Amino acid sequence: MTSSIRTAVHESLPYVDQEPTPAERDAAQAQIAAEISSSSPPPSSSLLPPLDHPPTFTPIIAAELERISKKQPLAAIDLSRYEVQDDDDDQTLPSDPDELSPRLSRAYATHTYLAGREAHLRLLDAYGKNAWLVANWQAEAHLGALERELAAARREIDVVNVGRRRLQDDVGEELKGLEETWKKGVGRVLETEIATEALRQQVLERQRGGAA
């Protein structure tokens with residue numbers, strides 16, 4: 001036949017134990033600091049590289065880190081191609097088609113960007129208000145659900161704290177009695193050891209006196 005034993009382990013007894021005084025807390029901190037200073041540091045994990053191992057980066061990352069260290073602006077995208085370009089006069093237009101190709105490419109990119117932006121502005125003007133109201137309603141509903149969950153969690157915490165305090169109050173006197181009994185037992189053990197050592201010294205002295 002097997003038997004099961006339920007063991008309740010409490011990391012702290014805040015409703016039974018008294019709060020340590022500042023002097024006691026400082027003494028405990030001093031003992032912890034002395035223990036840490038006297039112990040050897042923990043060995044470093046073999047999975048981690050040594051501290052003096054220089055990091056390695058790809059050429060692109062190295063160039064970007066250098067740009068950031070020099071506080072230079074990012075020039076990855078040419079924003080001028082999305083700006084409205086002034087029409088060139090017929091007299092300044094080059095006659096070579098190869099020279100016109102970059103201008104036509106920039107003009108096409110500008111036209112595509114402005115057309116898309118105009119379409120987005122029209123959609124925003126037509127449906128932006130309703131979309132904003134719907135988004136606010138969804139955000140409020142989500143916030144309300146989170147607040148209800150938070151309130152439920154706080155109620156559960158209060159119930160646990162009340163039960164914890166009731167349990168500790170019920171066994172508080174018993175714990176104090178056991179602590180006093182333990183202290184008295186330790187004191188009696190020390191007294192017995194002292195008396196035993198004194199008796200041993202007396203026996204040794206008598207043996208020395210008899211031998212003399």
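What you see is a predicted model. Helix α3 covers residues 97-211.

Of the 212 residues in the protein chain, 5% are buried. The chain exposes about 20000 Å², and carbon and sulfur atoms supply 58% of that area. As for contacts with a separation of 6 or more, 66% of them involve residues 24 or more positions apart.

Now the charged pairs. Side chains of opposite charge can pair when their charged atoms come close. E19 counts as exposed because its relative accessibility is 62%, while R25, at 40%, counts as partly exposed.

E66 pairs with K70, with 3.0 Å between the closest N and O atoms. E66 is partly exposed, at 42%.

In helix α3, D169 and R165 sit 4 residues apart, about one turn of the helix. They form a salt bridge with the closest N and O atoms 3.9 Å apart. D169 has a relative accessible area of 44%, so it is partly exposed; R165, at 46%, is also partly exposed.

Last, the second largest pocket, which holds about 210 Å³ of space. Its lining includes L13, V16, D17 and Q18, along with L175, K176 and K183. By class, that lining has 4 nonpolar, 1 polar and 5 charged residues.

Technical notes
Residues numbered from 1 in each chain as written. Predicted model: local features only at pLDDT ≥ 70, side-chain atom pairs only at ≥ 80, totals over all residues. Heavy atoms only, no water. 1 Å grid on protein atoms, 1.4 Å probe; cavity = no way out; pocket = protein on both sides within 12 Å on 5 of 7 lines; lining within 4 Å. Points joined across faces, edges and corners; volume = space filled by probe spheres on them. Nonpolar A, V, L, I, M, F, W, Y, C, P; charged D, E, K, R; others polar. Buried < 20%, exposed > 50% of the residue type's maximum accessible area, 1.4 Å probe, protein only. Contact = heavy atoms within 4.5 Å. Areas by Shrake-Rupley, 256 points an atom, 1.4 Å probe, with all protein chains shown as cover. Salt bridge = Lys/Arg side-chain N within 4 Å of Asp/Glu carboxyl O. Helix = DSSP H or I, 4+ residues; strand = E, 2+ residues; numbered from the N terminus.
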